[in-house]
Amino acid sequence: MALSNNVIGAINFVAMLLSIPIIGAGIWLAMEPDNSCVKILQWPVIILGILILLVSVAGFVGGFWRIPSLLIFYLVAMLILIILLACLVVFIYMVTLRGSGHLEPSRAYLEYHLDDFSGWLRRRVQSSYKWDRIRGCLSSGDMCAELNQRFKMAQDFFNAHIDPLQSGCCKPPTQCGYTFVNPTYWISPINNAADMDCLNWNNDQNQLCYNCDSCKAGLLANLRKEWRRADIILLITLVALIWVYLIGCCAFRNAKTEDLFRKYKQGYT
């Protein structure tokens, strides 16, 4: 019985360690500027990681100090948390399945359209109330001003691989036919009717294309890229947690079996 309990305690110590990448993924998302403006995924991930840590601690204590009630609590609670983590992994995969960029003639960077993304993600940015808050957060940074420092010539800018947020928020859509002055200042559009974003573009450095659908699409493209990276971490951790949980169940069953044999022998003696 003691050996099995020690095994259960060691297994729960491994589960405690597995909570670290989950919490770390949430903290990483919270530190990314775009995710910190949207505030959707990071807190559920962090909270789930902390809950897994706390439940693993309970299982660790129950295993080493032979407290059956804590071990039963661990088995039930961890099963629920594993199911929740699996649902989160599947959910992130489904909402980030769509949303690739589009190539434009004579441009190295991609451009993004809001309709390419899942409906759930679009609803996070389409409401004017939500977008006003997100836009204020995005425009307070220096991502667009950074482009002016990096690129002075039009051809250098056109050959640059800028990120989706900069592509959507810091310049007008290519199809509008604006003439480059610098990365955040464009004049003389050829085809203003090509897209509503052509009319939303403003050379005011505090406005630029922050009111454009292309900016919302660029934000979602950034979120999609970061969420999919986090999802890989969560998926690997989920598989490891399932294995640890199954081994823990076997160890708990063996411990109960040993306990029954011990009681049987004592009664027989």
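Buried residues make up 45% of the 269 residues in the protein chain, which is described here from a predicted model. The secondary structure of this chain comprises eleven helices together with four strands. The radius of gyration is 26 Å, well over the 18 Å that the globule rule gives for 269 residues, so the chain is more spread out than a compact globule. Along its principal axes, the C-alpha trace spans about 100 × 30 × 30 Å. Of the contacts in the chain with a separation of 6 or more, 66% are accounted for by residues 24 or more positions apart.

The surface and the charges of the chain were also computed. The protein chain exposes about 13900 Å², and 65% of this area is supplied by carbon and sulfur atoms. The side chains include 23 that are positive and 19 that are negative, with the centres of the two sets lying 13 Å apart.

An α-helix has 3.6 residues a turn, so residues three or four places apart point the same way. In helix α5, which covers residues 119-126, the buried residues are L121, R122, R124 and V125. These four cover an arc of only 150° around the axis, which puts them on the same side of α5. In helix α7, formed by residues 143-150, M143, C144 and L147 are buried. The arc that they cover around the axis is only 105°, which places them on the same side of α7. The cover over the buried residues of α7 includes α8 (154-158) and α9 (164-169).

Backbone geometry draws attention to two loop residues. Most residues other than glycine have a negative phi, and most peptide bonds are trans. K39, located in the loop between α2 (33-38) and α3 (42-64), has a phi near 55°, a positive value in a residue other than glycine. With a relative accessible area of 55%, K39 is exposed, because the cut-off for that class is over 50%. L208, found in the loop between α10 (196-200) and α11 (213-268), likewise has a positive phi, near 45°, in a residue other than glycine. L208 has a relative accessibility of 1% and therefore counts as buried, the limit for burial being under 20%.

N159 lies in the loop between α8 and α9, the two helices that are among the elements covering the buried residues of α7. The relative accessible area of N159 is 46%, so this residue is partly exposed. Although N159 and S106 are 53 residues apart along the chain, their C-alpha atoms are separated by 7.9 Å. S127 is placed in the loop between α5 and α6 (128-139), and at 27% relative accessibility it counts as partly exposed. For S127 and K171, which are 44 residues apart along the chain, the separation of the C-alpha atoms is 22 Å.

Notes. Residues numbered from 1 in each chain as written. Predicted model: local features only at pLDDT ≥ 70, side-chain atom pairs only at ≥ 80, totals over all residues. Heavy atoms only, no water. Rg over C-alpha atoms; globule rule 2.2 N^0.38 Å. Buried < 20%, exposed > 50% of the residue type's maximum accessible area, 1.4 Å probe, protein only. Contact = heavy atoms within 4.5 Å. Areas by Shrake-Rupley, 256 points an atom, 1.4 Å probe, with all protein chains shown as cover. Lys, Arg positive; Asp, Glu negative; His and termini not counted. Charge placed at Lys NZ, Arg CZ, Asp CG, Glu CD. Arc of directions from axis to C-beta.
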